[in-house]
Amino acid sequence: MKYNAGQLPEEEIRVILRAADTIIASGGRTLLAKILKGSREKKVLALELDKCPSYGFFRSEKLENVIEKIDWMIDFDFLDTKYRGKLPMIVFTERGWKIESDQLTDELLHEWDEWLEHDRQTVDMNYLKDRNREMILLLLDKVSETGETKYIPYLKAWEEIDYKKVRARIREIISALESSEPINLESAEQRKVSIQDALQGEAPQDILLKCWECGERFTFRVGEQRFYKQKGFVYPKRCTDCRDKIRYGDFL
């Protein structure tokens with residue numbers, strides 16, 4: 001079964017991105033598929049990948065079908081592969097990271113809510129230090145948008161251990177929450193629209209490349225792009241005719 005434009009629902013896109021987050025730049029398509037399949041393989045368990053929220057989401061599907069979904073995510077610009085030596089590793093595209101960072105910050109904020117429900121007033125905030133700066137600032141924006149003073153103890157604990165730019169933003173939010181400043185939700189609405197746009201993905205298309213040898217344009221088809229990407233090859237610099245002339249020049 002092949003997946004075409006629009007055939008992966010939003011839930012599955014988000015689930016695959018969440019699983020990918022656990023192995024970004026350190027694992028490939030097959031390992032990602034095993035997480036989503038719920039594999040009990042030794043490597044999966046040793047790396048504690050079974051603790052991923054997306055673990056086993058596609059438990060009832062065949063592994064090859066899960067890999068096809070991952071390939072769809074790559075084709076539609078949610079994920080990409082980068083080579084580490086000879087090994088292809090899964091990485092986020094800009095679109096994929098926009099979606100994942102949004103849902104990951106929601107997950108972190110939900111975790112704070114659960115701690116507060118259990119009256120957990122003190123937390124070691126070092127777990128947020130050295131995380132992706134863009135994501136951390138997004139989390140702080142979302143805290144600000146709630147207008148909830150209940151988060152202030154966590155913010156104060158966080159301010160004590162993080163870097164200058166983050167500390168400054170935390171102080172701004174604490175001040176706004178304590179003074180009950182009006183909440184501007186315009187940025188939140190814009191972000192929601194942006195995420196929905198990102199979830200549409202981009203269908204793979206044939207592209208035109210210019211031959212370095214003859215200067216003519218040539219079509220680099222979707223199937224060829226996929227092959228080159230999977231092999232870690234750079235896009236061809238010459239058209240097929242010029243490549244053939246170089247390869248078989250003595251026989252033409």
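Two strands pair if DSSP finds at least two bridges between them. Helices (H or I, at least four residues) and strands (E, at least two) are DSSP runs, numbered from the N terminus. In this predicted model, local features need pLDDT of at least 70 and side-chain atom pairs count only at pLDDT 80 or more, while totals for chains, interfaces and linings use all residues. Residues are numbered from 1 along each chain as its sequence is written, and side-chain values use heavy atoms, with hydrogens and water left out.

**Domains and annotations**

- The protein chain is divided into domain 1 (10–92), domain 2 (97–200) and domain 3 (207–248), with bounds that come from an automatic or database domain assignment.
- Between the C-alpha centres of domain 2 and domain 3 the distance is 46 Å.
- An unreviewed UniProt entry places the feature "domain: RQC" at residues 11–102; such annotations may be inferred rather than shown by experiment, and their positions follow the numbering used here, with feature names shortened.
- Residues 11–102 are 50% helix and 13% strand, and their end C-alpha atoms lie 14 Å apart.
- The annotation "domain: Probable zinc-binding", also from an unreviewed UniProt entry, covers residues 205–245.
- That stretch, residues 205–245, is 39% helix and 20% strand, with its end C-alpha atoms 27 Å apart.

**Strand hairpins**

- Strand β1 (residues 79–84) pairs with strand β2 (residues 87–92) in the antiparallel sense over six bridges, and L79 stands opposite F92 in β2.
- Two residues separate β1 and β2 in their hairpin, where G85 in the turn has a positive phi of about 70°.
- Strand β3 (residues 207–210) and strand β4 (residues 217–220) are likewise antiparallel, paired over four bridges; K210 has R217 in β4 as its bridge partner.
- The hairpin of β3 and β4 has six residues between the strands, and G215 in the turn has a positive phi of about 85°.

- Helix α5 (residues 94–117) has 24 residues and reaches 35 Å from its first C-alpha to its last, close to the expected 34 Å, a span calculated as 1.5 Å times one less than the number of residues.
- After α5 comes D119, whose phi is positive, near 60°.
- The axes of α5 and helix α7 (residues 152–159) come within 11 Å and cross at roughly 115°; axes are lines fitted to C-alpha atoms, for helices over the stretch in contact, and angles run from 0 to 180 degrees between N-to-C directions.
- W112, W115 and L116 in α5 meet Y154, L155 and W158 in α7, where contact means heavy atoms within 4.5 Å.
- The residues of this contact divide into six nonpolar, no polar and no charged; Ala, Val, Leu, Ile, Met, Phe, Trp, Tyr, Cys and Pro count as nonpolar, Asp, Glu, Lys and Arg as charged, and the others, Gly among them, as polar.
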